[in-house]
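Colleague: Before we go through the assignments, please put the model on screen. I will ask what each label rests on.

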Amino acid sequence: MREPKSLQEAIIFFSNPDNCIDYLAVRRWPKGVICPTCSSKKVKFSEKRRTWTCSSHHAKREFSIKIGTVMEDSPLGLDKWLTTTWLVTNCKNGISSYEIARDVKVTQKSAWFMLHRIRLAMQDDFVGSKLGRDGGEVEVDETYIGGKARNMHKGVKQRRISGRVQDDKSTVMGFLERGGRVRTEIVRDRYKTSLQPMVKKHVEAGAALYTDAHGAYSGLTDEYQHQVVDPAVQYVDGRVHTNTLENFWSLVKRGLHGTYVSVEPFHLFRYLDEQMFRFNNRKDIDDAGRFDLVVSQIVGKRLTFAELTGKVGLGTVN
């Protein structure tokens, strides 16, 4: 069958388990299936069990397409996994675990776990690379992310709201290369000692750097072509502005406040990974292309329920 190009086609295509296996296998092993344990190419496929068996004698000779991916040890069918992946990859404002639970007929807890594992596959590995090379322009800004006090129950508000926004919310820095990609980092606070090391970590020295008038960015002119715009006076001064990054923040908060509603601070980076992926792959790629990109990144990534909930070592099973 022709590979799907829309959600409707994807649901029909992936309802056949053989299509699911073929779609994943050709992307995982473009030169032929190999044993994930010993890398042997001498494997035999069982049509009845839909698994492969390695001809070499060793532990874990039999393996499925899920082994070594974000789907490992999941009892859910590939049709549910791939439909969910399509939805979270292409829904602009994200999709909640409750909606996934209704759409693919799983429990909300299972849907929540699936979404976090898919977000791991959407994660952008930007270690060692920097923005703004070859004289590029980079916008840098920070924002607070957290629940609104007016929406909280009185008891919750008394427990969580101290009156200091930096204590009540998470501080997130954003770095956006014009015509390129966006990155985010969760930082401790908005002081110079926290923000400037992050700028030097993500932005190439010599790049054109645009920030607002926040004092924590002062002193960067020695390494960057640093220019400032003061939003209290004007939002744009020629090419100097942070409006593109502000647009990204609006997308993040629309998803967090409108779709996910309540996000714990220790999971925030996963939701940022999700929104960064969609933002960075919004141009020159269609829904099928974004889905294909996520599928190509599912191998070699594992997230157990114990790790996700912070219960590693407490006897919690997957």
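Colleague: Which residue in β3 is the bridge partner of T53?

Modeller: E62 is the partner of T53. This is a predicted model, in which local features need pLDDT of at least 70, side-chain atom pairs count only at pLDDT 80 or more, and totals for chains, interfaces and linings use all residues. Numbering starts from 1 along each chain as its sequence is written, and side-chain values use heavy atoms, without hydrogens and water.

Colleague: Why are β2 and β3 called paired?

Modeller: Strands are DSSP runs of E with at least two residues, and helices are runs of H or I with at least four, numbered from the N terminus. Two strands pair if DSSP finds at least two bridges between them. β2 and β3 are joined by two bridges, so they pair, and they run antiparallel.

Colleague: What makes β1 and β3 edge strands?

Modeller: The open sheet has three strands in the order β1-β2-β3. β1 (43-46) and β3 (62-63) each have a single partner strand, so one side of each lacks a neighbour in the sheet.

Colleague: Why is β6 called mostly covered?

Modeller: Buried means under 20% relative accessible area, exposed over 50%, and partly exposed in between (1.4 Å probe, protein chains only). In β6 (residues 182-187), five of the six residues are buried, therefore the strand is mostly covered.

Colleague: How many bridges join β5 to β6?

Modeller: Six bridges join β5 (residues 170-177) to β6, and the two run antiparallel. F175 stands opposite R183 in β6. The hairpin they form has four residues between the strands, and G179 in the turn has a positive phi of about 80°.
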